[in-house]
Each structure stands twice: as structure tokens, then as C-alpha cells.
Amino acid sequence: MKLYCLSNDAAKPCFVLSFKELLIMLDCGLSSHSVLNFLPLPPVPSTRLASLPNYTPPHHNDPVLEGELKECCGRVFVDSMPEFCPPLDKVVDFSQLDVILISNYTCMLALPFITEDTGFKGQVYATEPTLQIGRFYLEELSEWVCSSGSGSGSAKRWKEAVHVLPAPLADVVRPRAWRRLLAPHHVARALARVRVVGYDEKVDLYGALDATAVSSGFCLGSANWVLRSAHEKVAYVSGSSTLTTHPRPINQAALRGADLLVLAALTQTPAHNPDHMLGDLCVHATVTLRAGGSVLCPVYPSGVLYDLLECLSAHLDTAGLAHVPLYVVSPAAEASLAYSNILAEWVSAGKQARVYLPEEPFPHAALVRAGRLRHARDLHDDSFSADFRQPCVVFCGHPSLRFGAAVHLVELWACNPLHAIIFTEPDFPYTEALAPFQPLSMKAFHCPIDTSLNYSQANKLVRELRPRELALPEQYAAPGPAAAAARPHIAADVPTVVVRRGTARRVGGRRTLARGTLTLRDSRLHVHSPPPGAGGAGGAEAGGRVECGAPDVEALVRELRRAGAEEARVERGADGCIVHLPRHDTLVHVDAHATHVFCEAGADLRLALRQALALTVPTI
């Protein structure tokens, strides 16, 4: 087996496993850190952003570069449509991929880059929530980019001058590989390729092996994948959690005893406890609202959003702030909130029990009915504008603050110190997200909530799963002796293979010879393990008998008649003999080089034929 790594972001992984002559892609995460180098795309034209001064590198006279770069408080940004960093497309030919297995909706946003206009002809598998919520993410992002990008330029020249630009632009890796988000019709075509699977459902991959999705405990529909052949087992653990939250708990039993364990998508904030962060968020929100300010939470349209609505609404009730309205602004807001309450199969046992009362698994449906929670597609929605009042809490995207409704609200509230912005998504450094909006008077709090496995939990999980070999990204490996400081890492007492972007490593034990019994029935070959006590040797070593040569036809007829096939007759020809059993619709064609049996009879005659041939074939 070979494992290829196509992503430099361990939280948005993309691997390709060469297994049993198949090319299997494990996740297709889209790294979005690159968008932080671009100016935001405001849904409402921003005079401040438009008036930022141009930046020209000193001692670099290139008129084509003029206007591509802007400066804000000492930081240089690209004034163009934001670009993303998709998986590498030169290491593996995407047209040769046989299967794509997706673990959760945060790791599938690069799917259009993999399947569209690449010659891809394989199969894509994901659970139903992964497909549907991934659709919300992609369609939301596509709508934001398309609606805001009509006036954005297409800056490219700056990529040729990276070496003369100030940090962090000077430190970007392979900017020529960055790409814009594909058009909505590409997104729709990519999503149409996905085939839905359930937990513990075995999927046959071209007859070579089985793939099974098992619960990972991270988010709705999130799955770890188990690949099995007759003699090998590979477990892919990505975006998993052992905490008790709203998804179904992780299934560890299915992952034990793998020949190879591939580990990815651990927590991005190992120093922050999710429970503590959730408590801090509630406290910061309460203090801000009591002072008369509003709270902005730039979030994705699903995932942690469900827990935030549940916990924050309960905390505000306790704090005497039940009158404060909650708003969710997103093109996918209505669909996401409604869809989450019909996913009883995919949630924890406690939330499943509420379905049979009957109650909704999540409380946001009750908040909507009570008028405390309102949702809108965008800030221009008439119903949203008519009902909007402050102080309030607004959940909207994008967490990078480069597109979406959050861009306009930061612009609107930036100069008011009563307001606050609370970052809960772990994908982006909050100081870099806020950089284009400086100077900023509104308060900013960082409360990252990442329920993925931390390093301590991952080390414990590896010990319990007992794989024969472990493969992980270089970000999770122990730092080298030249490292400036120690950092959290995976320390496993099993052979470990470290992979980095753009490389391929041989993984898994090499196949060894094994003895078995090969049978042919109904034109299908089957390999069976030898019976106990049969020993490791066969043929001449077992009994000194090796069958070779053509059978004695006359003796074969006698043995068949003795077995009850009285009508057996012989037809001789130039190329050999044919033994015909008309009553059983059976022919045995014997020539000097081969014996062919055409049998439509039952198992009894097949057994008699095998025994007769064994007795009449010459031996040495």
C-alpha cells in the first residue's frame, strides 16, 4: 500500500490510498487560510475598504502590479476575489481515482475541484447529513462569492512578486496553486455524484474490498471509515470526538486491530477546553448585552451553531435576558435549522429520546415558535429588517470575515465599544481575520470551540485501538531535536509513518504468502482457508500425489456409471473426446492439453464428477 498526502492543512485532510490496485481518496478538505490574504467582499459597498491606499513594493517598478495590493494599518492585502488552496492536483491523476470517502461535511468542500473538469469517473460516498450539510456550506459560500464578486478584480501579478512583499504575503506557499471557488453549476454537479451510505453499511468497492462508515462522534453524520479485504484492515480516523455532544458517540470497536490506522483532523486548539470556551462565550455575551451592546458570532451554518443556540439561550434565560432576540443570517439558515431536527438517526441517545416524546432533538425549533430566534437569508431580507432590534445576538458567516453578512456587521459596529464580536470557529486566527477592519473599537473575544480529539485523547485512542502501524501528518509527529520548543504530538508505541504534502509513503505490512484451497463453481473462483491440522504444505509434501496429464476417458466413463450416470457416452473427434451425460445436461471435453467441464446439474453430480476425475487422472 501507498499513502499520498495532498493537503498541507491537517485539519482539512486529503489523502489517497493505493490499496488492492484501487486509488481511494480519503477526504477532500479545502484549506481556506489563503483567503486571509485578501480584502473582504462586503455585501454592501464599503467606502472605507474602497479608499484604502494602494501598496507598491519599494524598488519594484511594475505598472501591472499597480492597484492589486492595498494597505491597512501596516498590513498588505490583495484586492481581488479571495482564493482557496485545493488539494494538490499533480501528485495523483484525479481521473484515475476509483473512490472518494468523505468523513464529514467540513472535509468535503474541495469536492468540485476533484470531480469537475478532471476526467473523474469514480464513486463518492458520504452519509446523508454529510451530504446535505456539506451542500449548505458549499452553496452558501458559492452564493456569497458570486453575489459579491461582480466588481472584484482578478489580481495575478502579485504572485510573481511575492519575494519582495512584506510578511505574511512573503511567506505564502505555492500561491499559483490557489484557485477561486468554482461556479454554482460545478458545485451542483459535484454534489450529485455523492452516494449516500448509513452507519455500519458495507459498501463493496469493485469487488476488491469493503468500506464501512462508522460513527466518529464529531458532528452530525460524521464517520470514520474501515476498509477490509480478506486479509487486511485499514482504519481512517478523521474529525473524531470522545466528548458527549449532540452527534452519535464514536464507535471504537469497529476500529480496533487495524493493520494500518490513518489519523487526521485533530483539534486545532489543543490549549482550549470546549466546555470552558462555551462558558466563557455565555459570560462575554451576557456582559455585553447588559451594557446595551450587541454580539456578533461569525459561524458556519451548522455544527457548533446548534450547541451555541441551545446553551446561550438557556444561559440568557437564567441571566434574565430572555427578551434578547437571536438572529441567524445565512443563505442556508432556514434549511439548516429545519434539517437538523429530522436527523434522529444521527444524534445522541438523549436527543433521540426526545423525538419519541415527541419533541424536536434541538430546542431552536421552540425558540423560533416563541419568536426568540429569527432567521434570514441575508441582511436585505425584508422580514429581517422589519424585526431587527438591538441589543441582540447575531450568528452569521463567514468565520474568516472575508465574505458574508459578518463583513457588513463588523463594518457597521466596528466603532462602537459597546458591541462585541466572539470567535468560536477554530479554523482562522482571529487577529488575522480582524486585520482588514483595524482600527477596531468593538470588543473581540476568542472562544474557539473544537470538539475534535486533542493530543491526549488521540494518544489514548491509539493505545486502545492497537493498530499494527500508524500514519499521520507531519504536524502531529514529534518535533525534531532542532525544534525551538516542545509542542503537543502523537507518541505511539507502534511503527509510525509520517506523511507530508506532496509525498507518498509505503504503509501497511507487505503481503505474505498464504496457503488455501481454490475452488471453481458457477464460473467463480473462491479461496478458502485450509482446514485445521492440514499443515502448511500441500501436494507432494502432504501425500506424495501430484495429479497431471489428461484423464483416462474409458476409466472416467466407468467411474461415472458406477456413480449412477448410466447414460454416459463418448464422442471422439479430431481434437479429443467428449463425454456426454444428456440426462444431466453435462459435457466433459478432454484433449491433450486441458479438460473442460460444462455442468448444469446439481451438487451431487458435480461431486461425482470431481471424484471420478481425481481417480482417472495420471499421477506421479
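Begin at the start of α15, where a side-chain oxygen of D552 comes to within 3.2 Å of the backbone nitrogen of E554. Keep in mind throughout that the model is predicted.

**Stop 1: helix α15.** Now select residues 553-562, the whole of α15. Colour V553, A555, L556, V557 and L560, which are buried. Some of these positions can be compared with a general rule: an α-helix has 3.6 residues a turn, so residues three or four places apart point the same way.

**Stop 2: H589.** Stay with β27 and select H589, which is in this strand. Is H589 buried or exposed? Its relative accessibility is 19%, and buried means under 20%, so H589 counts as buried. Leaving aside neighbours within four places in sequence, H589 is in contact with D575, C577 and I578, and also with A594, T595 and H596.

**Stop 3: the pair α5 and α6.** Next, hide the previous selection and show α5 (residues 274-290) with α6 (residues 304-318). The two helices pack with their axes 10 Å apart, at an angle of about 50°. Why are they called oblique? Roughly parallel requires an angle under 35 degrees and roughly perpendicular one of 65 to 115, so a value between those ranges counts as oblique; α5 and α6 are therefore oblique to each other. The crossing of α5 past α6 is right-handed.

To see where the helices touch, select L278, L281, C282, V283, A285, T286 and L289 on the α5 side. On the α6 side, they meet L308, C311, L312, H315 and L316. Sorted by class, this contact has 10 nonpolar residues, two polar ones and no charged ones.

**Stop 4: T288.** Remain on α5 and select T288, which is found in this helix. T288 is buried, and its relative accessible area is 2%. A polar atom of the T288 side chain lies 2.8 Å from the backbone oxygen of H284.

Which residues does T288 touch, not counting those up to four places away in sequence? Select G293, S294 and V295, then L418, H419 and A420, and finally K443 and F445. Draw a distance between the C-alpha atoms of T288 and K443: the two are 155 residues apart in sequence and 9.1 Å apart in space.

**Stop 5: T127.** Move to strand β7 (residues 123-127) and select T127. T127 is buried, with a relative accessible area of 1%. The T127 side chain makes a polar contact with the side chain of T130 at 2.9 Å. The side chain of T127 also reaches the backbone oxygen of G221, at 2.7 Å.

**Last stop: the whole chain.** Show everything again and colour by secondary structure. The protein has 16 helices and 28 strands. How many of its 620 residues count as buried? The share is 52%. Of the contacts with a separation of 6 or more, 70% are between residues 24 or more positions apart.

Key:
Residues numbered from 1 in each chain as written. Predicted model: local features only at pLDDT ≥ 70, side-chain atom pairs only at ≥ 80, totals over all residues. Heavy atoms only, no water. Buried < 20%, exposed > 50% of the residue type's maximum accessible area, 1.4 Å probe, protein only. Helix = DSSP H or I, 4+ residues; strand = E, 2+ residues; numbered from the N terminus. Polar contact = N/O pair within 3.5 Å; in protein donor to acceptor, adjacent residues only side chain to side chain. Axes fitted to C-alpha atoms, helices over the stretch in contact; angles between N-to-C directions. Parallel < 35°, antiparallel > 145°, perpendicular 65-115°, else oblique. Left-handed = near helix turned anticlockwise from the far one by under 90°. Contact = heavy atoms within 4.5 Å. Nonpolar A, V, L, I, M, F, W, Y, C, P; charged D, E, K, R; others polar.
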